[in-house]
Amino acid sequence: MDGYTLVRIVETQPPNLVVRPLYEPAATSSCVVVAAAAVVQLASLPPSSSSVDNLVHLGSSEEAGALHCLKRRFLRHHIYTNVGKLLTLLQQYTQPTHVEMPPHVYQVAAAAFEAALRCKLVKLQLNASGKIDGCAVTSYLLEKSRLTRVEGRERNYHIFYQLCANMEHSTATGEFAFLGQVGATQEDKAAFGVTMAALDALGFTPAEKEGVVAICKGILYLGNVHFHTNELLPQKAYDQVTFPFRLFHWLLQRINATMMKHATSPRSHILLVDIFGFESFDRNGFEQLCINFANEKLQQVLDSKPKGIFTLLDDEVSIPKSSEYSLHSKLVTAHGKASTVFKAGKSTLTFTLVHYAQPVTYDCADLLAKNKDHVADDILEFCQQECMSLLGEMAPPSPPTTRGDATISATFRRQLKELLARLKDTSTHFIRCIKPNHDQVRDVFDGPYVLDQLRQMGILQALALHHDGLHPFQESHELFYHSYRVIAPPTESTTGDTPQVIPMAERCRDLIQHFPHPGGFAVGITSVFSSLEMHQWLRRQRIAVEGAAVTILQGVWRRAVWRLACRHVGQSMALLHDVASLDDATLSQHMQHATDLVKRFPTCYLSRRLLLQCHEGQMHLERHRRQHDLLLRIQQPRHDLGTPYPNKHARQAPIVGCCVEAMEADLALCAKWRLEADPHVIAFTAAYHRLQTERQAVVQVTLMLRSKVIHVATVEKALRSPMISAQVAERARAALQVGQFNLDFFFFV
């Protein structure tokens, strides 16, 4: 199971060699005679697995050394190894560690996703903040044959085993033909509850869940129905597996709608493509033809119009009474002689294609039946009228209207073309998954099995190209020159300051001479080719140069912004230098602008001084507001003893003394703010003096009325004085008549 064994040559016996295993003790190991042609001689021992993580760094490109290195790394649990920029992964077949995650719809969707997709595209949508806020899955080429035929100990789709484990009456999985030789387990019984919970979380209604379960159960029982070719055409056998996959697509559309329900406008996205590898079995049919086409895309043979293999296959599907024999005959006629990659098979219905990995022989027996994407009219009518509404929703409303939608291969090619177009707009990274053994056993490395995969995946070919001077990176002359001339020292050829016109290819050659290893480049007619090492070196050097340039640009920009800030702040300070000379509206506008500048440039050394000027301006505006309120207050109508002075500090009915004191306080503010020359203040001062004189007259009359002997004529004369208001005089006369005198009577309103 080693594929290759590392040995030491003990003796040469043409045409044979005597060898001894290298890592076995000499006392226990024995020499073996082998043919010299079966021995691959290495220039040096392969390095240890810990020192080589890229097969390109091996001393040679021989597959024996690559296989030995991968085996040593795998047994030491180093499952990742590079081949140039390609990453390989050797599966370990270990039970993944269960990690508790916080509740989230993605977690439930992951639990509900069945292992049914041979090829899928997962789109992770990122919002403006770079976080994932949406997810969508696109499937390619679901295998109908996997549903109807299970090989050996393989399992069918997991949902069938979950249903068997949870049926009301104990039913052995062996009773269903679709389940093969594997039975349901307790894990399947528990997994059914997880699946139903996932459907709940994804927004499926109870009726929809019941319909999905009923359809899946019906598929299990339908698998026990046998069709006879003399009673029913073979295509009917494929019609029975059409609706399970329409159910799968319906479920996938519903899940995608839920996952993208709250997605915002995408800033960018990540595409994860899980695509099948090259396949070659004892019997290869329609699925292998599509899979290998996707791997290699032999457009000139498989899809070159008008006589490509898929084109002929689609044409034959649309022709009445066509058969596998007519298809095989047309394929041989179209490609049997002119093509170097197509060979007619030895048997009646086979042909061989020479792929990049190895020749593969295909069987035409089921190509036409599997390529048809059509449901019989009677089945379609039955599902739309007699069965549950869910089947009617999944069934197509009418036959395809265009040829491009009429066959499985046409749909697959269209999807593959769309996928390739999307991948061209992205930065791609590749991972090759390798199975260490066929039985999926942990820590077992099957050398021949791994070696076949290395050959089929093209890993050994890529390794050989690297050692043969591979220059996998191609760039046009203009792009290469303008991208990397910044790395080289300035010369006439790199700066472009040369009087004569130098061809761009010659400029690229001169530029390459300034790099450490000019041999890592090849200048072609239109492009420059670079090796992996030199391409990575160029990228690193360019990033370093660009980083230094960005630092300089940032410094220049910061200096320009600093100067701009100082100029703006200085201009604002000049405007606020003399706040007393500005009107309130202009001052408010300048202060708002100054406040914005302080917020915009908080680190500017002038911002603190500008902030102090803003505080001074605010105090000036507040003083103006108070002066304005004072002038409004003193402009109110003149007040006598019978009307209170509007004093906001008064908490009770004001008296004459309080009125005079309030006026005195306002006059003091006028003097403080130097408002004596204001006409309103002058009028207010006159009113104050008049009120003061009137107050003295009232006091004199009051003293007369409180004396023991009241001379009425004298009191009457005093009441007729112009200093006494008519209202006060009338109240005094009324007091004389009743004989009740109270000084407070004259002072309260």
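Author: Start with a cut-off: a residue is called buried when its relative accessible area is under 20%. Keep in mind that this is a predicted model.

Reader: Fine. What share of the chain's residues is buried, then?

Author: Buried residues make up 39% of the 749 in the chain.

Reader: And how much accessible surface does the chain have?

Author: About 43500 Å². Carbon and sulfur atoms hold 56% of that surface.

Reader: How many helices and strands?

Author: The chain has 29 helices and 15 strands.

Reader: What fraction of the contacts links residues 24 or more positions apart?

Author: 62%, counting contacts with a separation of 6 or more.

Reader: Let's do helices. At what angle do α26 and α27 pack?

Author: About 165 degrees, with the axes 10 Å apart. For selections, α26 covers residues 679-706 and α27 covers 712-719.

Reader: Is their crossing left-handed or right-handed?

Author: The crossing of α26 and α27 is left-handed.

Reader: Which residues make the contact?

Author: From α26, Val701, Met704 and Leu705. From α27, Thr714, Val715, Ala718 and Leu719. By class, that is 6 nonpolar residues, 1 polar and no charged ones.

Reader: Now α11. How many of its residues are buried?

Author: 8 of 10, so α11 is largely enclosed by the rest of the structure.

Reader: Which ones are they?

Author: Ile309, Phe310, Thr311, Leu312, Leu313, Asp314, Glu316 and Val317.

Reader: What sits in β2, by the way?

Author: Arg20, for one; the strand runs over residues 16-21. The C-alpha atoms of Arg20 and Arg8 are 5.4 Å apart, although 12 residues separate the two along the chain.

Reader: Where is Lys321?

Author: In the loop between α11 and α12, the latter being residues 324-335. Lys321 is exposed, with a relative accessible area of 86%.

Reader: And where is Arg674?

Author: In the loop between α25, residues 656-672, and α26. Arg674 has 74% relative accessibility, and exposed means over 50%, so it counts as exposed.

Reader: Last one: Gln456. Which helix is it in?

Author: Gln456 is in α17, residues 447-456.

Reader: Buried or exposed?

Author: Buried. The relative accessibility of Gln456 is 13%, and the cut-off is under 20%, so it qualifies.

Reader: What is Gln456 in contact with, leaving aside neighbours within four places in sequence?

Author: Phe278, Ser280, Tyr356, Ala357 and Gln358.

Reader: Great, that's what I needed.

Note on methods. Residues are numbered from 1 along each chain as its sequence is written. This is a predicted model: local features need pLDDT of at least 70, side-chain atom pairs count only at pLDDT 80 or more; totals for chains, interfaces and linings use all residues. Side-chain values use heavy atoms; hydrogens and water are left out. Axes are lines fitted to C-alpha atoms, for helices over the stretch in contact, and angles run from 0 to 180 degrees between N-to-C directions. Helices (H or I, at least four residues) and strands (E, at least two) are DSSP runs, numbered from the N terminus. A crossing is left-handed if the near helix is turned anticlockwise from the far one by less than a right angle, and right-handed if clockwise. Contact means heavy atoms within 4.5 Å. Ala, Val, Leu, Ile, Met, Phe, Trp, Tyr, Cys and Pro count as nonpolar, Asp, Glu, Lys and Arg as charged, and the others, Gly among them, as polar. Buried means under 20% relative accessible area, exposed over 50%, partly exposed in between (1.4 Å probe, protein chains only). Accessible areas come from the Shrake-Rupley method with a 1.4 Å probe; for residues, only the protein chains shown count as cover.
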